[in-house]
Amino acid sequence: MKLSLINGSLKEGHDNFDNQLEQLKSTLSQSTEITNLDYYNLKQMDIKQCVGCFNCWTKTPGKCVIKDDAEDILISVINSDLVIFASPLVMGMTTGLMKRLNDRLIPLIHPYFSIVKGEIHHRKRYDHYPKIAVIYEKTPEDTQEDVALCQEIYERLAINFKTTLRFFSSIQAVEGGLFL
Amino acid sequence: MTLLAINGSPRGRNSNTKKLIEYFSKDFNPSNVHILHLKEYYDRKDMQSVIDVIKDHEYILIGFPLYADWTPGFVKEFFEQMGKCHHAFTKKHFLFMIQCGFPESHHCRYVERYCERITKKLDADYIGTIVRGGSEGARLIPKSFFKDAQRLSELGKIFQVEKELDQNLLDTIAKPEKLSKARLFWMKIMLKLPFSAIYWNSQLKKNGVYKNRFDKPYR
């Protein structure tokens with residue numbers, strides 16, 4: 001299985017999350033089931049905000065025109081079997097840094113519309129899409145409702161990225177790679 | 001009453017969100033509405049200035065396009081920055097405007113709930129959210145052809161007096177919430193016809209890449 005692990009934690013206040021994710025990563029890298037593990041730590045990368053130019057749909061089909069580190073991640077994501085968005089919750093959702101990366105995924109889909117489960121969504125561009133997973137860490141301020149809404153939003157995002165949400169778990173729950 | 005309208009579109013001044021905010025505030029006295037383009041402050045790494053401007057207003061509208069099922073990333077980063085300013089928003093009243101290119105408003109309802117939650121987290125008052133689907137072309141369509149322009153202005157007019165969003169107008173502007181079975185049936189047929197994608201195809205052709213439209217460059 002090819003895995004893309006994306007860390008959206010912030011520079012401040014997320015050391016504990018980073019340490020736990022580091023442990024998880026080393027457990028995963030020893031797993032015989034995982035043939036390839038790409039790891040991206042967004043806070044050390046240059047990920048610009050998508051500006052809605054739609055050039056990835058109308059000028060350079062399938063390719064983002066912004067030159068930064070996001071393209072490497074896009075290539076990894078579309079060639080993976082599972083992509084894990086790992087992020088602490090801030091104000092009840094994954095980080096804005098992670099969301100900036102999520103926004104940059106749109107070159108992977110097609111501008112044309114199709115009907116999915118009675119709703120309009122975009123069409124596929126690729127034949128296969130990775131399953132999506134989210135690993136989060138909540139703060140005492142984040143309620144069960146926050147966590148549930150975050151999960152619902154990532155379920156929506158999965159529909160738009162032509163896939164499903166494989167799991168949505170706290171980092172404690174996935175330690176040791178229990179999800180494999 | 002003065003209204004601070006924060007345009008959270010990554011397209012800044014050239015955005016559908018800005019257009020919808022302008023329709024909403026059309027009947028305001030120009031001195032009573034202050035529109036800020038968040039992207040400009042974000043690019044200068046100066047979102048704190050926007051928070052400082054909020055401090056001078058009682059009513060704050062935050063508008064944004066639906067990006068990958070919730071706010072554009074930098075709008076979430078703005079919320080995070082707001083979250084660091086404890087007690088700064090206690091007496092503020094927030095309303096939101098969410099628009100998307102999908103014809104149904106349903107897509108925006110999840111992040112609408114998030115907007116309500118975030119307002120609670122900021123210990124501020126939540127007035128409501130204006131949701132409009134099918135808005136991708138709003139900035140290009142003349143006002144007289146944009147069927148909800150008048151309704152948005154009406155909503156703004158009532159808001160100025162009542163300090164509330166009129167529920168009937170909100171519901172009408174949000175239509176369709178979901179596509180009816182009959183409309184889905186027609187959409188299924190329509191989507192098979194070449195003119196259904198004319199908005200995209202004309203741009204693909206103009207750019208000379210129509211034949212490349214199904215490219216898979218990252219595989």
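This is a predicted model: local features need pLDDT of at least 70, side-chain atom pairs count only at pLDDT 80 or more; totals for chains, interfaces and linings use all residues.
1. In chain A, five strands make up an open sheet with parallel pairing, in the order 2-1-3-6-7. Its edge strands, each pairing on one side only, are strand 2 (36–41) and strand 7 (165–170) of chain A. On average, and with direction ignored, neighbouring strands of this sheet are turned by 15 degrees against each other.

2. Within the chain A sheet, strand 1 (residues 2–7) and strand 3 (residues 82–88) of chain A pair in the parallel sense, over five bridges.

3. Helix 3 (residues 70–78) of chain A lies across strand 1, strand 2 and strand 3 of chain A. Relative to strand 1 of chain A, this helix runs at about 140 degrees.

4. Chain B also contains an open sheet of five strands with parallel pairing, here in the order 2-1-3-4-5. Strand 2 (33–37) and strand 5 (125–132) of chain B are the edge strands, each of which pairs on one side only. Neighbouring strands of this sheet are turned against each other by 20 degrees on average, direction ignored. Strand 4 (residues 93–99) of chain B pairs with strand 5 of chain B in the parallel sense over seven bridges, and the bridge partner of B:H93 in strand 5 of chain B is B:D125.

5. Also in chain B, the axes of helix 3 (residues 47–55) and helix 4 (residues 73–83) of chain B come within 10 Å and cross at roughly 60 degrees. Helix 3 of chain B and helix 4 of chain B are therefore oblique to each other, and their crossing is right-handed. From helix 3 of chain B, the residues B:M47, B:Q48 and B:I51 meet B:F78, B:Q81 and B:M82 of helix 4 of chain B. By class, the residues of this contact comprise four nonpolar, two polar and no charged.

6. The domain assignment divides chain B into domain 1 (3–173) and domain 2 (181–212). The C-alpha centres of these two domains of chain B lie 30 Å apart.

7. Turning to the interface, 41 residues of chain A are in contact with 45 residues of chain B. On the side of chain A that touches chain B, the elements giving two or more residues are helix 2 (55–58), helix 3, helix 4 (96–103), strand 4 (109–116), strand 5 (119–124) and helix 5 of chain A. Helix 5 of chain A supplies the largest share of that side, seven residues. The side of chain A that touches chain B has 20 nonpolar, 11 polar and 10 charged residues.

8. One helix pair joins the two chains as follows. The axes of helix 5 (residues 144–160) of chain A and helix 5 (residues 109–121) of chain B come within 10 Å and cross at roughly 155 degrees. Angles over 145 degrees count as roughly antiparallel, and helix 5 of chain A and helix 5 of chain B are therefore roughly antiparallel to each other. Their crossing is left-handed. The contact is made by A:D146, A:L149, A:E152, A:I153 and A:R156 of helix 5 of chain A, together with B:Y110, B:V111, B:R113, B:Y114 and B:R117 of helix 5 of chain B. This contact has five nonpolar, no polar and five charged residues.

Methods: Residues are numbered from 1 along each chain as its sequence is written. Chains are lettered from A and ligands numbered from 1 in the order in which they are written. Axes are lines fitted to C-alpha atoms, for helices over the stretch in contact, and angles run from 0 to 180 degrees between N-to-C directions. Helices (H or I, at least four residues) and strands (E, at least two) are DSSP runs, numbered from the N terminus. Angles under 35 degrees count as roughly parallel, over 145 as roughly antiparallel, 65 to 115 as roughly perpendicular and the rest as oblique. A crossing is left-handed if the near helix is turned anticlockwise from the far one by less than a right angle, and right-handed if clockwise. Two residues are in contact if their C-beta atoms, placed from the backbone, lie within 7 Å. Ala, Val, Leu, Ile, Met, Phe, Trp, Tyr, Cys and Pro count as nonpolar, Asp, Glu, Lys and Arg as charged, and the others, Gly among them, as polar. Two strands pair if DSSP finds at least two bridges between them. Domain bounds come from an automatic or database domain assignment.
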